[in-house]
Amino acid sequence: RLHIVTWNVGTASPPPDVSSLLQLNSVGPTMDMYVIGLQEVNSRITNFLSDLAFDDPWSIFFMTVLAPLGYIKLSSVRMQGLLLLIFVKHVHLPFIRDIHTQYMRTGLYGYWGNKGGVTVRMSLYGHTMCFMNCHLPAHMENAEQRVDDFEKILEMQFEGENIPSTLDHDVLFWFGDLNFRIADYGIHFVRESINNKRYNLLWEKDQLNMAKKEEAFLREFIEGPLQFKPTYKFDLYSDVYDTSEKKRKPAWTDRILWRVKNLCKHAAKEGEFSEEEMISVTLNNYISHMSYGISDHKPVTGTFGLELKPLVSDPLVTLHPEGEWSTEHDVLISYSAVPEFQSSAWDWIGLFKVAFRHVNDYVTYAWVEDDEISSNKDSKQVYMSAAEIPDMGGEFLLCYYSKNLQSIVGISQPFQIQPNRTLIEKDLTQEDNSWMQKPDNLESHNEF
């Protein structure tokens, strides 16, 4: 289950709550992956430079919401106001490989990243997936420019060997503030159609739908029905369309589309699926969220079911803690790798709290080569120093990070680390002693 968010946040700070946006309270199975594409994240030079050094407020916000629920930030890419975040459940981490990010500027002749696209690609259970968050040129008259810019963005190349182009991925998701408008109809007719929920009257004049009739490469992208109000342009903190002097015409600027490569190949044989078809995408929900008012756009979400025939079913590395772990002595980690796994001297095993946020959120780590203490054909052992383990203990897990694949390729089951009894007894003794001492500031209250 995949949940995609697109939202032009208009340089605003995160709202207090995003439970409905992420469907955290919905009945049924939880999401396996969240893909969050934001546009117009505050990109003033000072903000942008500080965000490069540290995580930006939106990334921190979503990590704070999702980490306690068992999701980690798998990857992110930022280009000025464009931000793409991918979160995934722990259980899927060993089966997501070859993660790469890329971006392409199109605004102001490509010199400033106020418009363009940011992309994350990966192999998911052996299938190639690509997620593309775009912010295309604004204004009614720039429909052709929007199509041209998207064509340019599709040509972006990932660095690395044997990485397919964007259109050669098994599944490509395209979303963002695509800025397509409703042509021809006047503002009065558009607003009346919206008020009467007769959205279908506007579909044929939606510039993206019109462009799909003319451009073959756009016809390969599928979109769910636009059964929600146009998401642009609203007065802040309201569900009232633009009341400013400009009175912008409402439009479905915020969209989510997808393309399945094998459907394009076999489009001529409608309704027939080859034996090679091992992936299908089903749209379960395509809606806007009217309750969010921090910008003049409403966020849009798409909830998808991805049915995959796993081409990869075993993790590259299996690992677990040896014996009972305590903070009072050095500890051992055992791991084994499949024969085809190519390890590196830069591979490491990290100790993480169960609700860790991202791959660098480790408590401590061991180098798989430098800290190795035994090795045979079936398994290897590395040690971790007791001095590096938190005294209070708690629930943790282990992750094996592959430098070559730039990803976690093995994850242990959660386990308990016993706290340092000596320190706890010392703390308890100090607390007992502090209760026995009468605080000076109570002397004057003896009469009570």
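The chat below goes through salt bridges, the open sheet and some backbone angles in a predicted model.

Student: Before we start, what kind of model is this, and how are residues numbered?

Tutor: This is a predicted model, in which local features need pLDDT of at least 70 and side-chain atom pairs count only at pLDDT 80 or more, while totals for chains, interfaces and linings use all residues. Residues are numbered from 1 along each chain as its sequence is written, and side-chain values use heavy atoms, with hydrogens and water left out.

Student: How many salt bridges does the structure hold?

Tutor: The structure holds 7 salt bridges, a salt bridge being a side-chain nitrogen of Lys or Arg within 4 Å of a carboxyl oxygen of Asp or Glu. One of them pairs Lys205 with Asp184, with 3.0 Å between the closest N and O atoms. This pair links distant parts of the chain, 21 residues apart: Lys205 sits in the loop between helix 5 (200–203) and helix 6 (207–214), and Asp184 in the loop between strand 8 (171–177) and helix 4 (187–195). Helices (H or I, at least four residues) and strands (E, at least two) are DSSP runs, numbered from the N terminus.

Student: Are those two buried or exposed?

Tutor: Lys205 is partly exposed, at a relative accessible area of 22%, whereas Asp184 is exposed, at 60%. Here buried means under 20% relative accessible area, exposed over 50%, and partly exposed in between (1.4 Å probe, protein chains only).

Student: And which residue does Asp206 form a salt bridge with?

Tutor: Asp206 forms a salt bridge with Arg255, the closest N and O atoms being 2.9 Å apart. Asp206 lies in the loop between helix 5 and helix 6 and Arg255 in strand 10 (residues 254–260), so the pair ties together parts that are 49 residues apart in sequence. Both Asp206 and Arg255 are buried.

Student: What about Lys233, which partner does that one have?

Tutor: Lys233 forms a salt bridge with Asp296, with the closest N and O atoms 3.0 Å apart. The two are 63 residues apart, Lys233 being in the loop between strand 9 (222–223) and strand 10, and Asp296 in the loop between strand 11 (279–288) and strand 12 (300–308). Elsewhere, salt bridges that share partners join Asp206, Glu223 and Arg255 into one network.

Student: Switching to the sheet, what is the strand order, and which strands are at the edges?

Tutor: An open sheet is formed by 6 strands in the order 5-6-7-8-10-9, with mixed pairing, where two strands pair if DSSP finds at least two bridges between them. The edge strands are strand 5 (96–105) and strand 9, each of which pairs on one side only.

Student: In what sense do strand 5 and strand 6 pair?

Tutor: Strand 5 and strand 6 (residues 116–124) pair in the antiparallel sense over 8 bridges, and the bridge partner of His100 in strand 6 is Arg121.

Student: Last topic: where is the cis peptide bond, and which residues have a positive phi without being glycine?

Tutor: As background, most residues other than glycine have a negative phi, and most peptide bonds are trans. The cis peptide bond joins Tyr232 and Lys233, with omega about 5°. Glu40 has a positive phi of about 55° and is found in the loop between strand 2 (33–39) and helix 1 (45–53). Asn179 also has a positive phi, of about 65°, and is placed in the loop between strand 8 and helix 4.

Student: Buried or exposed, or partly exposed, for Glu40 and Asn179?

Tutor: Glu40 counts as partly exposed at 33% relative accessibility, while Asn179 counts as buried at 3%.
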